[in-house]
Amino acid sequence: MKKWSVVIILGCAQFVMVLDGTVMNVSISTVVADLKTTVAAMQAAITFYTLTMAAVMLLGAKLGDVWGRRRAFVIGACVYAAGSLITALSPTVQFLFLGWSIVEGLGAVLVIPAIAALVADNYKGKDRITAYAIIGAVSGAAVAAGPLIGGFVTTYFSWRYVFVAEVVIMAVVVIFTRVVKDDTERQAVRIDLVSVLLSAVGLVLVVFGMLQSKTWGWVTPLVSPEIGGVPIAPLGISLTAWLMVVGAVLIYFFVRRQRSLVARGASPLVHVEMFSITRLRSGLAVLGAQYAVTAGLFFMVPVYLQMTLGFDALQTGIKIFPLSIAIILFSIVGTRLSRRWSPRRIVWVGQLVLVLSALLLLGSVTTDLRGGLFAAGMFLAGAALGLLASQLGNVNMSSVSEKETSEVGGLQGVFQNLGSSLGTALIGSILIGALSTSFASGVASSELSAQTISIVDERTQGGLAIVPAASVDKIAEDAGLSDEDAKTLTTIYRDAQLSSLRVSFFGLIAISLLSLAFARGLPHEVGGRPRSKAAAR
C-alpha cells in the first residue's frame with residue numbers, strides 16, 4: 001500500500017480538478033437562483049474557466065521546471081483551494097467568477113502538469129504504467145460521477161458544499177505531499193514573456209472560437225455578437241472563423257519563436273522538436289480525440305435525459321454511473337493487458353469499443369428510453385475510455401526524458417483542453433443545426449395553420465434554442481397560440497430533439513472512427529518500448 005501512496009495523493013488532486021467542471025454544469029439552474037444571476041452569466045464563468053487554463057497551461061508546466069514539480073504542485077493546490085473557498089462563500093456571481101474562473105483556473109495550470117511529471121518521477125517500468133492507468137481511471141470516474149455527486153449534493157444540500165469539500169481534500173493533499181518524491185533537478189532559466197503571450201493569446205482565441213461556434217456559426221454567421229446594434233461578422237464571415245485563424249497564426253509564430261530560442265541557446269517555453277517523436281505526437285493526438293469524444297458524449301447525454309425525457313440532475317447522474325464503474329474496471333484490465341498486448345493494440349480495441357458503444361446509444365434514443373440498451377452503451381463507453389486511459393499517459397510521458405516530463409504534462413493539458421472544446425463545439429453545432437432543420441421541416445409539414453406557422457417562423461428566426469420539451473407548451477401559449485397548437489408544437493419539438501440527437505450520435509461515431517488513424521504511431525511492442533532511437537522518431 002505504501003508504494004501506491006503517491007498515486008493516491010496525486011489521484012485525489014486529479015479527481016478534484018476534473019470533478020469541478022462537471023459539478024458546475026449540473027448545478028447551473030440552482031446557482032443562478034441562489035446568486036440571483038442569469039444562465040448567460042454562468043455560461044460565461046464556465047467558458048472563462050476553460051480560457052484561463054488554455055491561456056497559461058504551458059506557463060504552469062514551465063514553472064514546474066523552475067520551481068520544482070512538487071513545489072509547483074503544492075502552490076497550485078493552495079491557490080486552487082483558495083479559489084474553491086471563494087467560490088463556496090460567493091455572495092454574487094462576480095465573486096464566483098473570481099474564485100472559480102480565475103483563481104481555481106490558475107491553480108489548476110500548476111497542478112495538472114505537475115501530476116503527470118510527478119508520476120514519472122515516482123514510478124518506473126510496469127508500476128509507472130499502472131500509476132498512469134490509475135490517474136486516467138480517476139479522471140474518467142470524476143467525469144462520470146460528477147453529475148451524480150453534483151446532482152445529489154445540489155438537490156439535498158447545497159452546491160456550495162461541493163466546493164467546501166474541495167478545500168478539505170486539497171488541504172489533505174498538501175499535508176501528505178511530503179511522501180511525493182521530486183528528484184528532477186530544477187532549471188535555472190529565464191521564462192520568455194513573448195512566448196507566454198503568443199501561446200496564451202493564440203490558444204485563447206482558438207478555444208474561445210470553438211466554444212462560441214454553436215452561437216456564432218463556424219463560417220456562415222448565425223447569431224453574431226453586436227456592438228451598438230451592429231453585428232460583428234467581418235466580410236460576412238463568422239467571428240468564430242476569424243478568431244481561430246488569428247489564433248492559429250499566433251501559434252505558428254509561437255512555434256517559430258521556440259525554434260529561434262533553441263537556436264540561440266536560450267530556454268524555450270516548450271521544446272517543439274518533441275513533436276518529431278512519433279509516439280508522442282500520436283499519443284497526444286489520440287488523447288485530444290478521446291477528450292473530444294468524451295466532451296461530445298457528455299454534451300448530448302444530459303440534453304437527451306434532461307431536456308427530452310425530463311430527468312433531474314440526480315436521475316441523470318444515476319443513468320451515467322455505469323460509465324464510471326466501467327472506466328475504473330477497464331483501466332485495471334488495460335494495465336493487465338499491457339503485459340501481453342502493445343499500447344497500439346489496446347488503444348485500437350478501445351477505440352472500436354467506443355464506436356460500438358455509440359451505436360448502442362444511438363439505438364437507445366427513443367421517447368421512452370431503452371434502459372437496458374442505454375446502460376450497455378454507457379458501460380461500453382466507460383470500458384473504451386478505461387482502456388485508453390490505461391495507456392496514453394504512460395506512452396506520452398515515456399516518450400521523453402525525465403527532464404522534459406513537465407513540458408509533456410503541460411502539452412497533455414493543452415490537448416485535453418483543445419479536445420474538449422472541439423468535441424463540445426462540433427457535437428453542439430451538429431445538434432443545434434439538426435434540431436433547427438428537423439423542427440422547421442416538422443412545422444412545415446404539419447397541419448398547423450399558416451398564421452401559426454408564420455408566428456413560429458418569426459420566433460425561431462434567430463435560431464432554435466435547446467429547451468426542455470415539456471416547456472414548449474407554455475412557450476407556445478405565451479406566444480398566443482391555442483392549446484391544440486401548443487400540443488402539436490411540443491410533439492414536433494420532441495421529435496426534432498430525438499432526430500437531432502441521433503444525428504449527433506452518428507457524428508460521435510464518425511469522430512471515433514477518425515481517431516483510429518491517430519493511433520498508428522503508438523508503440524507496437526509489448527510494454528511500449530521502442531527498439532531504438534530511430535523507432536521512437
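Leu-205 sits in helix α8, which covers residues 193-216; helices here are DSSP runs of H or I with at least four residues, numbered from the N terminus. The model is a predicted one, so local features need pLDDT of at least 70 and side-chain atom pairs count only at pLDDT 80 or more, while totals for chains, interfaces and linings use all residues. Residues are numbered from 1 along each chain as its sequence is written, and side-chain values use heavy atoms, with hydrogens and water left out.

Leu-205 counts as buried because its relative accessibility is 19%, where buried means under 20% relative accessible area, exposed means over 50%, and partly exposed is in between (1.4 Å probe, protein chains only). Leaving aside residues up to four places away in sequence, Leu-205 touches Leu-243, Met-244, Val-246, Gly-247 and Leu-250, a contact being heavy atoms within 4.5 Å.

Now for the cores. In soluble globular proteins, nonpolar side chains tend to be buried together. A nonpolar core is taken as a set of buried Ala, Val, Leu, Ile, Met, Phe, Trp, Tyr and Cys residues joined through side-chain atoms within 4.5 Å. The largest one holds 113 residues, and Phe-73 and Leu-297 have the most contacts inside it. Beyond four places in sequence, the residues touched by Phe-73 include Leu-10, Val-111, Ile-115, Leu-118 and Val-173. There is also a second, separate core of 15 residues, with Val-456, Val-472, Ala-476 and Ala-496 among them.

As for the rings, a search of the whole structure turns up 12 aromatic pairs. Rings of Phe, Tyr and Trp (its six-membered ring) pair if their centres lie within 6.5 Å; planes under 30 degrees apart are stacked, over 60 edge-to-face, and the rest tilted. Phe-208 and Trp-216 make an edge-to-face pair, at 5.7 Å centre to centre and 85° between the planes. Trp-216 is buried, at 8% relative accessible area, whereas Phe-208 is partly exposed at 25%.

Phe-275 and Phe-415 form a tilted pair, with 6.4 Å between centres and 40° between planes. Phe-275 lies in the loop between α9 (239-263) and α10 (278-308) and Phe-415 in helix α14 (residues 405-444), so this pair ties together parts 140 residues apart in sequence. Phe-275 is partly exposed at 27%, and Phe-415 is partly exposed at 23%. Elsewhere, Phe-152, Tyr-156, Phe-157 and Tyr-161 make up one aromatic cluster.

Methods
Helix = DSSP H or I, 4+ residues; strand = E, 2+ residues; numbered from the N terminus.
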